[in-house]
Amino acid sequence: MRLLSFFFLLITLVKATPHLSEMTIQGSLAPSHTSVIQQKNIKQKQYQNAISLFKAHPSIEIKNIGGMTSLFLRGTNSAHNIVILNGLVVNDPSSNNHFDFSALDPNDIERIEIITGAKAFYYGSGALGGVLKITTKKAQKDTHAKGRFEVGSFNTRKAHTSLGHRSENLGILGTLNSGRSGPKTRWNAHHHTHNADLHSATSGSLFLDAQPTNTYAVDLYIQGEQNKTHLNDFRNGKPQATGDRTLQYNNRIALKNSLSLLEKKWQQSLTLGLQNNRRKTFSQQVRTYIAKRESVDYESSFDVTHWMTLHHGFSYARESDHSQQIPGKTFDSKGARAKIDLDLQDNLEVFIAGRLDKHERFKAHPTWQVGLSWDMTSNTTFETSTGTGFKAPSIQTFVGSNTLQRPNTTARPEKSFLWDISLKHFFFKKKSEAKITYFINEIKDVLVWDFPTRTMVNKNKRSIRGLEFSLAHKINDQWDARTSVTYLRAFDREPAMRALNIPLYKTTFSLTYAPTQKLSFFTEVVHKSRQMNYGNKRIKAITDVRLGGRYNWNKNIEIFGRLENALNQKIEESYGFGRRGLGLFAGFIIKK
């Protein structure tokens, strides 16, 4: 009924809209629902892993749990996000559709779009928390090479190299990354035990982009990575290093074809993808997890008029599990989607969207999304969106993963209803920007780990209420300050308790200072309230401080340095995985 009322209101607005001057439709709405992390910001603040990269984001909680870096977006579980890398969905079927960010090298990234709200549901089944769209760098002009080398505390050694070339219609870029951090074991004063603390990663990629004509372009992205992590075992209720370790191998290929017709009014893309995930855990027995994901995705965007754009597309994915002691199982899923973007007036935009998802185990399930963006004044924007989401259980939930996780053939899909509202305002001739967002997300049939049965079961309902406030101020050409406060109440109904790994509130502050074009400094502070962790363990509140600087020696050489955990707090961020103390890191960049 609410959707029907909204639709009639929309028709009334359309009829009342006067003739508009010619304008370009961007095919997107609700920019406040999309936050962007640019390469410039990554470079300036020296983010060298996923934990430091996402830690300061107001909507995200990120943790290293058992050798896997998991991301929790707006109070949802780590499996409630869709991660898209250069157009390819890269969630891992062998780990209940999580994505491990530990091998993600920020030096390869051009930009990250973090999409929340009902708009995220349009991207596919599984986006109950949101979508992370990661775009890696392409080749620049002519032939160029770059090397980045870093050393520091905790036996840290990292190297990043790239070589690329771009001609008139063709670009090719290759990268190679290698890093190691941490001793094999480290003393955990909190538990009075020796904990595992070693992680190493190697990855390489090849990105080829070509544009044979003005209307056709093709991108080919190939990536491979290997991670090694030492793990803790819990003996007598305490985490101890036992020599257990995990080896993970991932490789993926994405081929994207883009076609532009009718003077660029009709944009189309077709993406073919293949991903292989293999993980081995060495403990009392060797456990092997093997999964493959093959996918096809088509997207079309057509500017019908200067005030209307139609989007539609379809997707197909086949996931297969070939883990040890489990015969090969294959599940297919299909999805169709459509969206209308309406620019009703110079200051009002509306979108109406819907999806139909069909999983091999379930009947077709429809979802819907609507929203609007209204420029109330030249400095104030009001936005709201609402919609429903759907997530089918992973193949690992159905078939299990040898003796560690047993199958659950009766698992049901998770369903979500979300509503959010936001207000953005500019001050001081747009030198300052303030934004406040309130959101509600109700998720039914949440899949949780059941320790007695060692299965993923539907026995939970999660209610999420959140309030996000952010303020950014450009003091002058040299100083820039940003702060945010997030209040997040994520509550599980069965059992009745606060959701795990979600702090009640989180505060961030960052300050950058660039006295000259060659020299810059930064300070970043993140404070999180106490939270609940696995086994109903309470994690204390923590304040993390990072600061550093960089200097361009000349056009080819740059030096940098930073302090991590400047307050030397060793409180655990996840139970059983102690936090490192004060760390000092430095390095240099050579480019040509």
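Buried here means under 20% relative accessible area, exposed means over 50%, and partly exposed lies in between, using a 1.4 Å probe and protein chains only.

What we have is a predicted model, in which local features need pLDDT of at least 70, side-chain atom pairs count only at pLDDT 80 or more, and totals for chains, interfaces and linings use all residues. Residues are numbered from 1 along each chain as its sequence is written, and side-chain values use heavy atoms, with hydrogens and water left out.

First, the overall picture. The protein has 592 residues, and 52% of them are buried. It contains four helices and 36 strands; these are DSSP runs numbered from the N terminus, helices being H or I of at least four residues and strands E of at least two.

Now the salt bridges. Side chains of opposite charge can pair when their charged atoms come close. The cut-off is a side-chain nitrogen of Lys or Arg within 4 Å of a carboxyl oxygen of Asp or Glu. How many salt bridges does a search of the whole structure find? The search gives 26.

Take K43 and E558, whose closest N and O atoms are 3.4 Å apart. K43 sits in helix α2, residues 39-44, and E558 in strand β35, residues 557-564, so this pair ties together parts 515 residues apart in sequence. K43 is partly exposed at 31% relative accessible area, whereas E558 is buried at 1%.

Next, D492 and R462 form a salt bridge with closest N and O atoms 2.7 Å apart. D492 belongs to strand β28, residues 479-493, and R462 to strand β27, 30 residues apart. Both count as buried: D492 has 6% relative accessibility and R462 has 4%.

R546 lies in strand β34, residues 542-552, and E564 in strand β35, 18 residues apart. R546 is buried at 2% relative accessibility, and E564 is buried at 17%.

Last, the surface. K363, K415, K444, K461, R489 and R493 gather there in a patch of positive charge. Patch residues have over 30% relative accessible area and no salt bridge, and like charges are joined within 9 Å. One member, K461, is in the loop between β26 (455-458) and β27 (462-474), and K461 is partly exposed at 35%.

Definitions and conventions
Patch = residues over 30% accessible without salt bridge, like charges linked within 9 Å, V, L, I, M, F, W, Y side chains within 5 Å. Areas by Shrake-Rupley, 256 points an atom, 1.4 Å probe, with all protein chains shown as cover. Lys, Arg positive; Asp, Glu negative; His and termini not counted. Charge placed at Lys NZ, Arg CZ, Asp CG, Glu CD.
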